[in-house]
Amino acid sequence: MIMIGRSYAASGVQSETTRAWWKEAVVYEIYPRSFKDSNGDGIGDLRGIIDKLPYIRDLGADTIWLAPIFQSPNRDNGYDISDYKAIMPEFGTMRDFEMLMAKASSLGIRVILDLVVNHTSDQHPWFQKSRASHDGPYRDYYIWRDSVHGHPPNNWPSAWGGSAWTFEPTTNSSYLHLFSPYQPDLNWDNPFVRDEVFSIMKFWLDKGVSGFRMDAITMISKIPSLRDMSLEELKAPEYVYAAGPHLHAYLREMNDRVLSHYDVMTVGEAYGMHAQDIPLFTESARRELDMVFAFDIVHVDRQGWRKIAWPLSKLKEIYAAAGRPRSPDSWNTVFLDNHDQPRAVSRFGNDAAPFREVSAKAIATLLLTQCGTPFIYQGEELGMTNLPFNGLDDFEDVQVPIEWDAKVKRQGVNPEAFFESLKGLGRDNARSPMQWDMTRNAGFTTANKPWYRVNPNYIEINAQACLQNSKSVYHYFRDLIALRRKYPVLIYGSYQDLDPDHSAVFFYSRESGNSKLLILINMSDRGFTYASPHLAKVSPLISNVEHRSVTKGMTWLAPWEARVYVA
Ligand code: GLC
Ligand code: CA
């Protein structure tokens, strides 16, 4: 690990942290396909987003991250791009995009885009030319190797299973794809590829976007030998994918040549990174990225394909580590949900009727009071839940058949066990249409059939119902966001876990100068009496349950009760 600048005081006081708009931002992720359909074709689009910008502004989010909006054959819903400088026709036109930018700016909302440049679509003209012959400038845009005796060039699996290589008879060789065969990996060692990527970035920055979420960015540099992985490495191949020797040099080059010329934020998807290596990306003196999404929270309830229980102690460890920055000026993200994860309330709360709302609010309290820039995923502010699945056909995600094939068909994993886990972990849980109201298809589309099924619980869980009810999950999110703006200690303050060993209560402080807030959350379905000397003298700021008093440091905590206090 590299330490730059002065190390932190043991208390973790972040006094050296410089202010930045993206540290103070509350980001709202939009999965455009499922957000709002404006023209009745069953697919969400840019005009739909434009219509809903005031909704996002009223919530209090000030930055939106748009999952890919570029031309794509949609094998992976836009994470397979065939033209980086064109809008996906299903989503609208460049004019619509410009209107979106103008409307967002008039509402004080910044826009960040998804930069998907570890790979392109196999339909991208670069790949079409690359695959056609051994010669020509595009061959080396991708990673080609000869197959040895009809076998793939090495034993690498793709991130979702199956070989990471696909054979192409035209040139009698195979190309590398760390995701699906429809997503060939770019060869970043080719300087022309880097020039292309930087030109794409400038193109969008010059249209006024405020930064990028960088997809699979840890995987852009490949280990030169492309040697076989060991059996141990095969259990978590992403650590080999992310071990390329030039990763940091390429990010620095990107920063020097592009990012440093704009006032932007960047957040990289840190797949395959150990927590201790994260400051290598985010330490500001290294001039690479501003923030990353660490995967510790994503791994907390899974072992390979299997869903496992997560103990609160694991969450506490994750946030304690994040709250103890290893270097003086690196910054975190906080997220519980995104388009690749099951719904937060179904995973970290309890989506059964008596607990859904209160637990959605409890984990919202966590999301908005931990150290780092919070990312909300569309529908999280309504307490939207996982989908019901009755069979494999209910899944739409390209990952599912690939994983099923690799695990169940080839490795002999028990199909029922696999399906059970998939229901809880599947990415489609997050991708069903946004639930706007109780009209047909949840008000997402006027088409008979939306592109993907609506969760049948929309009659009860929808934005309109939430807006009308001042006690809804939505309003609680809104109040928390407002609180975050009012108390900068929630942004810049140091972090301390006040009761690390309790198995149900998450109790921590944020502190800076003479400002100190306490956050108390019951992360369980049980109610009980809780006592702490820290509660001796406190005044309440917000709670998800009717206010209850504290006597002599003692109080009753209802199931999933959350409170924020001034100490
Ligand atoms: C990232 C995206 C995911 C996508 C994958 C390949 O993990 O978040 O949705 O499938 O990269 O681009
Ligand atoms: Ca549409």
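A residue counts as buried here when its relative accessible area is under 20%. I43 has a relative accessible area of 10%, so I43 is buried. Keep that cut-off in mind, and keep in mind that this is a predicted model.

I43 belongs to the calcium site, so let me start there. The calcium ion is ligand 2, and its protein donors are D37 through OD, N39 through OD1, D41 through OD, I43 through O, and D45 through OD. These donors lie 2.2 to 2.3 Å from the ion. Along the sequence, the spacing of the donor residues reads D-x1-N-x1-D-x1-I-x1-D. D37 is another buried residue of this group, because its relative accessibility is 5%.

Next, ligand 1. How many residues surround ligand 1? There are 13, and the closest are D76, D215, E269, H339 and D340. By class, that shell holds 7 charged residues, 3 polar and 3 nonpolar. D76 places a polar side-chain atom 2.5 Å from an oxygen of ligand 1. For H119, a polar side-chain atom is 2.9 Å from a ligand oxygen. For H339, an N or O atom of the side chain is 2.8 Å from an oxygen of ligand 1. On its own, ligand 1 would expose 310 Å², and 96% of that is buried by the protein.

Now two asparagines with positive phi. N74 has phi near 60°, and N74 is not a glycine. N74 sits in the loop that runs between β3, residues 70-71, and β4, residues 83-87. Its relative accessibility is 16%, so N74 counts as buried. The other is N441, with a positive phi of about 55°, again in a residue that is not a glycine. N441 is found in the loop between α15, 415-425, and α16, 463-468. At a relative accessible area of 11%, N441 is buried.

Is N350 buried or exposed? It is buried, because its relative accessible area is 17%. The side chain of N350 makes a polar contact of 3.0 Å with the side chain of D525. Leaving out residues up to four places away in sequence, N350 touches V345, F355, R356, S359, D525 and W560.

S34 is in the loop between β1 (27-30) and α2 (46-59). S34 has a relative accessible area of 0%, so it is buried. What does S34 touch, beyond residues up to four places away in sequence? The list is Q378, R431, S432, P433, M434, F444 and W451.

The last one is I481, within helix α17, residues 473-486. With a relative accessibility of 1%, I481 counts as buried. Apart from neighbours within four places in sequence, I481 is in contact with V26, L59, G60, A61, L368 and I376. As for L387, its C-alpha is 27 Å from that of I481, and the two residues are 94 apart in sequence.

That is what I have on the two ligand sites and these individual residues.

Conventions
Residues are numbered from 1 along each chain as its sequence is written. Chains are lettered from A and ligands numbered from 1 in the order in which they are written. This is a predicted model: local features need pLDDT of at least 70, side-chain atom pairs count only at pLDDT 80 or more; totals for chains, interfaces and linings use all residues. Side-chain values use heavy atoms; hydrogens and water are left out. A residue is near a molecule or strand if one of its heavy atoms lies within 4 Å of it. A polar contact is a pair of N or O atoms within 3.5 Å; within protein, one must be able to donate a hydrogen and the other to accept it, and residues adjacent in sequence count only if both atoms are side-chain atoms. Accessible areas come from the Shrake-Rupley method with a 1.4 Å probe; for residues, only the protein chains shown count as cover. Ala, Val, Leu, Ile, Met, Phe, Trp, Tyr, Cys and Pro count as nonpolar, Asp, Glu, Lys and Arg as charged, and the others, Gly among them, as polar. Donors are N, O and S atoms within 2.8 Å of the metal (3.2 Å for Na, K and Ca); water is not among the atoms, so sites may look incomplete. Buried means under 20% relative accessible area, exposed over 50%, partly exposed in between (1.4 Å probe, protein chains only). Helices (H or I, at least four residues) and strands (E, at least two) are DSSP runs, numbered from the N terminus. Contact means heavy atoms within 4.5 Å.
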